[in-house]
Every structure is written in structure tokens, then in C-alpha cells.
Amino acid sequence: MTITVAGNKKEYEDGLKLTELIEKEDIESPEYVTVTINDEFISKADVPDTVVKDGDVVEFLYYMGGGAR
């Protein structure tokens, strides 16, 4: 199947779970990453059961800390 990950088209096997995609994409600190599929946020509780489908657009959003002076 073909999916788009962070703006890049990639080929992966059918039935790929989101947790497997996170591993294959070597996501650093996955516990701090929010995932969207087709512009819909995936809750942390749903990540293990979510299967990526052909044509999906997956984005990984990282929280960035900042401070005030």
C-alpha cells in the first residue's frame, strides 16, 4: 500500500498498525508524539489498535517546550 508520511509517499505492507509505523519511521520519543491520520487526531488509547490504510496521510506532531523570560 502507499501512504504519505510527513509529506513523503512511502510503500508499506497492508495491515500495518500505527505502532509498527512509529517503529519503522524511527520516531524519537514516541510517548511525546501526537499522530494525525487524514487530519484526524488519534488518541493515545487508540494508537495500538489503529491500522493504517492505503492512501492515508500520516503526520507526527511534536510538542516543543518553550519558556518566558
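The paragraphs below start with the fold and end with the salt bridges.

This is a predicted model. The protein holds one helix and five strands, arranged along the sequence as β-β-α-β-β-β. Its C-alpha atoms occupy a box of roughly 50 × 25 × 20 Å along the principal axes. Of its 69 residues, 33% count as buried. When contacts between residues at least 6 apart in sequence are considered, 52% of them join residues at least 24 apart. The accessible surface amounts to about 5000 Å², and carbon and sulfur atoms contribute 49% of that.

Charge comes next. There are 7 positive and 16 negative side chains, and the centres of the two sets are 4 Å apart. A search of the whole structure gives two salt bridges.

One of them joins the side chains of Glu25 and Lys10, with an N to O distance of 2.9 Å. Glu25 sits in the loop between helix H1 (18-24) and strand S3 (33-37), while Lys10 belongs to strand S2 (residues 8-11), so this pair ties together parts that are 15 residues apart in sequence. Glu25 has 18% relative accessibility and therefore counts as buried, the cut-off being under 20%. Lys10, at 27%, counts as partly exposed.

The other salt bridge is formed by the side chains of Glu13 and Lys24, at 3.8 Å from N to O. This pair also links distant parts of the chain: Glu13 is in the loop between S2 and H1 and Lys24 is in helix H1, 11 residues apart. Glu13 is partly exposed, with a relative accessible area of 38%, and Lys24 is partly exposed at 47%.

How values were computed
Residues numbered from 1 in each chain as written. Predicted model: local features only at pLDDT ≥ 70, side-chain atom pairs only at ≥ 80, totals over all residues. Heavy atoms only, no water. Salt bridge = Lys/Arg side-chain N within 4 Å of Asp/Glu carboxyl O. Helix = DSSP H or I, 4+ residues; strand = E, 2+ residues; numbered from the N terminus. Buried < 20%, exposed > 50% of the residue type's maximum accessible area, 1.4 Å probe, protein only. Contact = heavy atoms within 4.5 Å. Areas by Shrake-Rupley, 256 points an atom, 1.4 Å probe, with all protein chains shown as cover. Lys, Arg positive; Asp, Glu negative; His and termini not counted. Charge placed at Lys NZ, Arg CZ, Asp CG, Glu CD.
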